Amino acid sequence: MYWVSVITEAAVFAILALGLDVVWGWAGDFDLAFYGYLALGSYMTFVLTIGKPVAPVQYIIGGHLPLLLAMVLAVAAVVCLAAVIGAVALRNLRDIYFAVTTLGAVSALYLLVENYTPLFNGYNGVYGLVNPGQTALNLTYNGYRIVFLGVVLVILALAYLLVQRLSRSPFGRMLRSVREDERAAAAYGRRVFSAKYRAYLFGAALAGLAGSLFAIFISAFNPSAWTPQELLVIYAAILVGGRGNPRGVIAGVFVVYIGLVELTRFLPSPASRPDFGPALRQILIGLMIVLMLKFRPEGLFRERPGLDGAQGLAARLLRPFGTRAAPAPAGGVPAAEEQAAGDRGAG
Amino acid sequence: MSPALLEIERLTKSFGGVHAVRECTFSVPEGQVAGLIGPNGAGKSTVVDLVSGFGLADSGSVTFAGQSLVGKRPDVISRLGLIRTFQTPREWRNLTVMDNVLLARRQFARESLWRSITRARRIRREEEADRAAVRAILERFQLADLKNELAVRLSGGQKRLLEFARIAAAEPRMIILDEPMGGVNPVLGARIGQAVRQFADEGRTVIVVEHNLPFIEKICDQVIVMDLGEVIAQGPFSGLRATPRVVDAYLGMDQSHE
């Protein structure tokens with residue numbers, strides 16, 4: 001059962017990472033608000049399904065909606081929040097300015113949720129979504145967890161197929177051109193803001209979906225579950241797996257989550273230092289990011305360029321993932337020709 | 001001569017206290033190759049930015065094919081059929097040569113997120129025609145063998161050619177080239193000149209910002225000379241030597257450009 005739990009969690013985070021990769025990997029926006037979208041998706045799923053709060057617990061809505069409807073509404077709420085944050089942050093801000101703005105947004109959200117109790121019960125959080133539908137499905141507790149893992153894996157597979165299809169589409173290509181050079185993209189007619197915005201909303205929708213599944217997985221949610229550091233792990237996973245490659249992203253999440261969980265599980269945990277394990281985990285993540293950037297910056301699976309024609313297929317077969325193509329000597333202008341300095345006239 | 005495709009009137013732009021462009025007025029007729037020359041800091045690149053939507057003029061007007069371009073975004077201007085380049089080639093580095101040129105095609109409708117999901121197969125089929133056209137263009141610019149290479153791996157000269165391949169793929173009505181000969185050797189320079197001529201032969205209007213005067217003399221029908229943000233002369237290249245202000249500002253006394 002332990003492994004069921006680990007794999008379920010990794011699969012939920014893989015859905016989140018697929019969404020983040022569209023925003024960061026394809027569109028190039030280093031978004032720090034992203035974990036907030038998972039949190040809102042989670043909160044909304046709770047408050048739409050667990051019924052009216054009983055004092056002293058407080059939260060908004062308190063609905064008794066069917067789970068599927070609640071999930072759809074939770075995703076819609078997340079997309080609405082992303083629409084507001086994205087509209088402000090993506091308009092003119094880029095790189096570190098964008099990152100800081102999104103960090104500010106998620107910090108504000110965090111403080112609001114933590115301190116304004118009537119929203120999502122403040123620091124104590126919400127709970128009570130225990131295995132929805134278990135009795136209807138006539139399952140044992142463990143049986144339910146296994147079925148739920150199956151459901152999450154199916155959703156992950158669907159999300160992967162969706163993202164993969166988008167990745168190879170003209171939309172994915174256009175988004176990458178915006179990432180590579182925004183001014184050139186605009187010069188060739190691309191609406192930069194609109195492209196980034198659409199990618200952002202799409203990514204946030206996947207984060208909301210992941211949040212919704214996360215709610216069912218952990219059955220209680222409070223601010224300590226979504227501290228900003230959590231996002232670092234997702235970024236590390238994308239880096240390790242291969243930014244811009246959906247398959248790599250999923251692989252990265254499984255490697256990082258299962259690797260880290262397992263590595264730190266067998267560590268000695270001295271009684272005098274109870275925070276030894278978590279602290280070491282953070283250090284390991286940092287170390288892993290540094291090592292990957294140094295030795296394999298493209299990740300385990302590198303972003304696959306859109307290869308063209310028969311040569312593309314041959315190249316794909318001859319060139320296993322990750323290996324770099326040799327600089328082509330054939331065709332075009334001989335390199336030596338370039339060495340000559342330009343003969344610029346008077347100027 | 002045909003009526004002007006691009007008309008610039010009293011265009012003005014300051015950055016703080018610097019008057020980058022002052023009351024700049026000139027026009028370019030359809031089908032012509034015009035050279036825009038002048039010393040460094042004359043305001044040439046600022047004019048290019050203002051025309052293409054990458055900067056907002058303080059005053060004045062820019063009219064392209066009868067439509068005002070003032071206040072329009074770069075992507076809108078590009079979609080009207082005016083494509084500009086930048087002083088350094090701005091290729092999409094981590095995309096393939098093929099994708100770089102394919103992206104220059106007018107395929108905006110295909111880039112819808114929704115349709116990319118629901119009509120993936122149909123979009124791929126539609127794209128085949130564009131791919132065939134792009135392969136022919138790559139052939140024309142000697143880039144066909146490199147089509148699956150990432151653009152970042154091209155040499156400086158190949159990047160220049162890639163820029164021309166993108167323009168050819170975009171099929172614009174007007175092209176503004178910002179220093180296409182920067183850092184280019186004579187052999188490649190001849191090829192670039194040939195490409196510009198071919199664009200003109202296809203009926204496209206071209207403005208070339210350049211310091212390489214022999215190049216300008218060879219390919220341009222008329223030349224616009226700027227200095228300190230103002231247009232100081234406009235006309236055929238041969239007439240410039242007779243304009244004292246141009247000689248003082250740019251050509252110099254003993255200019256030999258053979």
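**Exercise 1. Work out how helix 10 of chain A passes helix 11 of chain A, and in which hand.**

Step 1. Start with the hand: helix 10 of chain A makes a right-handed crossing with helix 11 of chain A. A crossing is left-handed if the near helix is turned anticlockwise from the far one by less than a right angle, and right-handed if clockwise. Helices (H or I, at least four residues) and strands (E, at least two) are DSSP runs, numbered from the N terminus.

A word on the model: it is predicted, so local features need pLDDT of at least 70 and side-chain atom pairs count only at pLDDT 80 or more, while totals for chains, interfaces and linings use all residues. Residues are numbered from 1 along each chain as its sequence is written, and chains are lettered from A and ligands numbered from 1 in the order in which they are written.

Step 2. Now the geometry. The axes of helix 10 (residues 229–241) and helix 11 (residues 246–265) of chain A cross at roughly 120° and come within 7 Å. Axes are lines fitted to C-alpha atoms, for helices over the stretch in contact, with angles from 0 to 180 degrees between N-to-C directions. That makes helix 10 of chain A oblique to helix 11 of chain A (under 35 degrees is roughly parallel, over 145 roughly antiparallel, 65 to 115 roughly perpendicular, the rest oblique).

Step 3. Find the residues that meet. Helix 10 of chain A brings residues including Val233(A), Ala236(A) and Gly241(A), and helix 11 of chain A brings residues including Gly248(A), Ala251(A) and Val255(A). Contact means C-beta atoms, placed from the backbone, within 7 Å. By class, this contact has 11 nonpolar, 3 polar and no charged residues (Ala, Val, Leu, Ile, Met, Phe, Trp, Tyr, Cys and Pro are nonpolar; Asp, Glu, Lys and Arg charged; the others, Gly among them, polar).

**Exercise 2. Describe where chain A touches chain B.**

Step 1. Count both sides: 47 residues of chain A are in contact with 64 residues of chain B.

Step 2. Look for the top contributor: helix 7 of chain A gives the most to chain A's side, with 7 residues.

Step 3. Sort that side by class: 21 nonpolar, 11 polar and 15 charged residues.

**Exercise 3. Trace the sheet of chain B.**

Step 1. Follow the order 2-1-4-5: these 4 strands form an open, antiparallel sheet. Strands pair if DSSP finds at least two bridges between them.

Step 2. Find the edges: strand 2 (18–29) and strand 5 (67–68) of chain B each pair on one side only.

Step 3. Zoom in: strand 1 (residues 4–15) and strand 4 (residues 59–64) of chain B are joined by 5 bridges. Glu9(B) stands opposite Ser61(B) in strand 4 of chain B.

Methods: Contact = placed C-beta atoms within 7 Å.
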